[in-house]
Amino acid sequence: IDYGHVTMQSIMASMGHSVKIEIINELRKKELTVSQLARHLQLARTSITRYIQDLLDELVITKARKSGPEIYYRLNSIYLRYAKDTIDRYLDEAILDADKLLW
């Protein structure tokens, strides 16, 4: 999998929505299905499905396993590492740029 697309813009698109953050927070606890996420977050399955598809496309989450008709999802720790490194680099550069302006 190529993570070269991980930029500040893509990270903000991935994680810049409150429902996506709620899904990520739920998946931090354990693998869950769309139905389970819908119950936990008290949202319609269709809404959850849309956000899940976005998070899958953005590689934030992966399909963990299939059990009967249900698919369990989990966080993609590799993506999270890339995202953290990208954010760290961006903030380090922003701090250096801001410091240059002080001199």
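Analyst: Angles under 35 degrees count as roughly parallel, over 145 as roughly antiparallel, 65 to 115 as roughly perpendicular and the rest as oblique. The model is a predicted one, in which local features need pLDDT of at least 70 and side-chain atom pairs count only at pLDDT 80 or more, while totals for chains, interfaces and linings use all residues. Residues are numbered from 1 along each chain as its sequence is written, and side-chain values use heavy atoms, with hydrogens and water left out.

User: How are α3 and α4 oriented to each other?

Analyst: Helices here are DSSP runs (H or I, at least four residues), numbered from the N terminus, and their axes are lines fitted to C-alpha atoms over the stretch in contact, with angles from 0 to 180 degrees between N-to-C directions. The axes of α3 (residues 34-41) and α4 (residues 45-57) come within 9 Å and cross at roughly 115°. The two helices are therefore roughly perpendicular to each other.

User: Which residues of α4 meet α3?

Analyst: Contact means heavy atoms within 4.5 Å. On the α3 side the residues are Val34, Ser35, Leu37, Ala38 and Leu41, and these meet, in α4, Arg45, Ile48, Thr49 and Ile52.

User: What is the angle at which α2 and α4 pack?

Analyst: Helix α2 covers residues 18-29, and its axis is 10 Å apart from that of α4. The pair is roughly perpendicular, with Val19, Lys20, Ile23 and Ile24 of α2 in contact with Ile48, Tyr51, Ile52, Asp54 and Leu55 of α4. The packing angle is about 80°.

User: Is Ser14 buried or exposed?

Analyst: Buried means under 20% relative accessible area, exposed over 50% and partly exposed in between, for a 1.4 Å probe and protein chains only. Ser14 lies in helix α1 (residues 8-15), and leaving aside its neighbours within four places in sequence, Ser14 is in contact with Lys20, Leu55, Glu58, Val60 and Tyr79. Because its relative accessibility is 1%, Ser14 counts as buried.

User: With which side chain does the side chain of Ser14 make a polar contact?

Analyst: A polar contact is a pair of N or O atoms within 3.5 Å; within protein, one must be able to donate a hydrogen and the other to accept it, and residues adjacent in sequence count only if both atoms are side-chain atoms. The side chain of Ser14 reaches the backbone oxygen of Ser10 at 2.8 Å. The side-chain partner, at 3.4 Å, is Tyr79.
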